[in-house]
Amino acid sequence: MQTHFIKHRLFISFGVLTSVLCILFGAITWLFAVVTEDDVVKRVMHAEARYIKNIYATKGELVDPRVDYVTLYIDEDSLPEDIAKGVARFDHEKEFTVAEFNYHFDRYTTHDGRHFLLLIEDSKLAVISSLSALLNGFLSVVTLIVMTIALTIAWLISNRIAKPIEKLTSDVLSHKAGTVFPFESAKYKDETSLLREAFAMALNENYALLQRERNFTRDVSHELRTPIALLQNTLLLSGEEPIGNEDKALLSQVSESLKNTIEVLLALARSENFHMQYIEVKPLLEKHIVMLHHNMPGTCIEATLALDEKSTVYGNQVLVGLLFQNLISNGIYHSGTQSVTVRSAPNKLIFENSIVAKANNLYQGLGHGNYLVQRIADALNWHVHIDKSESSYRVTVMTKCD
């Protein structure tokens, strides 16, 4: 309803504008025709006045005009009563109407000071009358045709202007929640295309927020259920017998895992962590290796960084840092060694740990911690490949490295 209302308002606006212009053009043309008609009448009278003056200069008498629709009066006393009143009343305009007849008059003076008056009744001018009627009819027809064409063009223009708004309204109403609103490239940028882009940005931002909320709910269910179950079971068993060193180690590990998981999930849920930029790899790795060392008391991490000093990746600093931190801690967990080697290759970062003979007594399988790594990589549009053999645990991160 609103779209049609806008279209109708546009048509009414264009229609009123074009109609006013057509009427104004017709009125100006009619005025020009009337002025031209009056000018023709005056020229006829002036021509007859010159003829009478020339004859008077040679013969000394005032002769009748050559045309029968021009009347000569020697003085105003000889004028008919109704015409005399008109001449007296409209002396400045030189034109008046009596009994539906239109008269033009003017006063003239001969070379010796004798006055006379010429009167013309314009209805007797057959050419002028017919031309006036023809011109009025022509102007009416032309005005009607032009107005019809103008209204048709106004309708087409209003439809064309309202069409993008109609399409945008239809697309917005038919847009399904949880889907991406499509961008459409326009040949020319105008307010409508900018409005569509604004709608697309707003709806897609809502879609991204909803998707992050869904991912957060899924990740919480996926990642927190197992550590919480381990905590509950350990605490339940502690009621029957004192907590041993192995259980303490498990509680510590589960606590650290919960802390790290919550940190990663909150980072993935924040929209500000999806602003990308180029990041230097080596300083960020060094920073998070030191952070891991402080978070894991009694653990000495030996890191070998075979990286170019100017190696950079395109991503978000918070997410990339969490990815590095999880890759290193996962490598330590899955390999059973505290040494890690990080090297770069074209469009790759490789994290590699040598596996010791003695496995982790609390080992929970290859999937431990790797789900969060995969989630961070997906958020960065990176790809992670995990390869574990008898001698090494290697993670290859496919990204753009300079």
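**Close-up views of a predicted model**

**Figure 1. Contact of helix 8 with helix 9.** Leu-319, Leu-322, Leu-323, Asn-326, Leu-327, Asn-330 and His-334 of helix 8 meet Asn-370, Leu-372, Val-373, Ile-376 and Ala-379 of helix 9, contact meaning heavy atoms within 4.5 Å. By class, this contact has eight nonpolar, four polar and no charged residues (nonpolar: Ala, Val, Leu, Ile, Met, Phe, Trp, Tyr, Cys and Pro; charged: Asp, Glu, Lys and Arg; polar: the others, Gly among them). The model is predicted: local features need pLDDT of at least 70 and side-chain atom pairs count only at pLDDT 80 or more, while totals for chains, interfaces and linings use all residues. Residues are numbered from 1 along each chain as its sequence is written, and side-chain values use heavy atoms, with hydrogens and water left out. Helices (H or I, at least four residues) and strands (E, at least two) are DSSP runs, numbered from the N terminus.

**Figure 2. Packing geometry of helix 8 and helix 9.** Helix 8 (residues 317-335) packs against helix 9 (residues 370-379) at an angle of about 155 degrees, and their axes are 9 Å apart. Axes are lines fitted to C-alpha atoms, for helices over the stretch in contact, and angles run from 0 to 180 degrees between N-to-C directions. Helix 8 is therefore roughly antiparallel to helix 9 (angles over 145 degrees).

Figure 3. In helix 2 (residues 81-89), Ile-83, Gly-86 and Val-87 are buried (buried: under 20% relative accessible area; exposed: over 50%; partly exposed: in between; 1.4 Å probe, protein chains only). Seen down the axis of helix 2, these buried residues fall within an arc of 100 degrees, so they line one face of the helix; the arc is that of the directions from the helix axis to the C-beta atoms. Strand 2 (95-98), strand 3 (101-109) and strand 4 (115-121) are included in what covers them. The face turned away from the buried side carries the exposed residues Glu-81, Lys-85, Ala-88 and Arg-89.

Figure 4. Most residues other than glycine have a negative phi. Lys-94, in the loop between helix 2 and strand 2, has a phi near 65 degrees and is partly exposed, with a relative accessible area of 22%. Asn-381, in the loop between helix 9 and strand 10 (383-388), has a positive phi of about 60 degrees and is exposed, with a relative accessible area of 71%.

How values were computed:
Angles under 35 degrees count as roughly parallel, over 145 as roughly antiparallel, 65 to 115 as roughly perpendicular and the rest as oblique.
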